Amino acid sequence: MNDLFIPKNDLTDEIQELVEICQSFEDYYETEFYPPAEDEEIDKWQQLHEIKLPQSFKDWLRFSNGSVICDTAARFYDLGTIAALSDCPDDCIVIGEFSQDGDRLSLCLSTGIYTLNENGKIREFDSFKKVLRKLIDIM
């Protein structure tokens, strides 16, 4: 986790804070931020799946195309896994999970709303920035 490049975008502050939290727990929990997705990779994925991802999620992918955060605190899927796991209702894709219970994080493509199903309690976020804020708050 030492050589992470944090891009300058709307998520910079949240990413920096999340990385610092993960570093403070590195003696106890494993965190892995996978290499970033290139713009060409994101564009190709969107064309292949006929999906337009929200800018805030693309900003995250430019930092990390998949991650495991503090063992089971959260997992954000890489583009390949997102495609394989999209077993949600018509216009939703699963992009990750929170906690060891596997609380699913999905993105509704028609509205751009992120939905976290926490043991049956539904929480909605209108940007990936707010998803990251929620993760930071629970850590």
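This is a predicted model: local features need pLDDT of at least 70, side-chain atom pairs count only at pLDDT 80 or more; totals for chains, interfaces and linings use all residues.

Reply: Happy to! Residues are numbered from 1 along each chain as its sequence is written, and side-chain values use heavy atoms, with hydrogens and water left out. The element names come from DSSP runs numbered from the N terminus: helices are H or I of at least four residues, and strands are E of at least two.

S127 is buried, at a relative accessible area of 16%. Here buried means under 20%, exposed means over 50%, and partly exposed covers what lies in between, with a 1.4 Å probe and protein chains only. Leaving aside residues up to four places away in sequence, S127 touches S56 and Y114, where contact means heavy atoms within 4.5 Å. With Y114, the C-alpha to C-alpha distance is 6.9 Å, across 13 residues of sequence.

Seven strands make up an open sheet in the order β1-β2-β3-β4-β5-β6-β7, with antiparallel pairing. Its edge strands, each pairing on one side only, are β1 (32–33) and β7 (121–125). For pairing, DSSP must find at least two bridges between two strands. β7 is joined to β6 (residues 114–118) by five bridges, and the two run antiparallel. Within this pair, L116 has R123 in β7 as its bridge partner. β6 and β7 form a hairpin with two residues between them, and N119 in the turn has a positive phi of about 50°. Elsewhere in the sheet, β2 (residues 67–69) and β3 (residues 74–76) pair in the antiparallel sense over three bridges, with V68 opposite R75.

Now for the charged side chains. There are eight salt bridges in the structure, each a side-chain nitrogen of Lys or Arg within 4 Å of a carboxyl oxygen of Asp or Glu. One of them joins R123 to E118, at 2.2 Å from N to O. R123 is partly exposed at 30% relative accessibility, whereas E118 is buried at 18%.

E118 also forms a salt bridge with K134, with 3.9 Å between the closest N and O atoms. That pair links distant parts of the chain, as K134 sits in helix α5 and E118 in strand β6, 16 residues apart. K134 is buried too, with a relative accessible area of 17%.

E14 is buried at 6% relative accessible area, while R133 is partly exposed at 28%. Both belong to a network of salt bridges that links E14, E17, K129 and R133.
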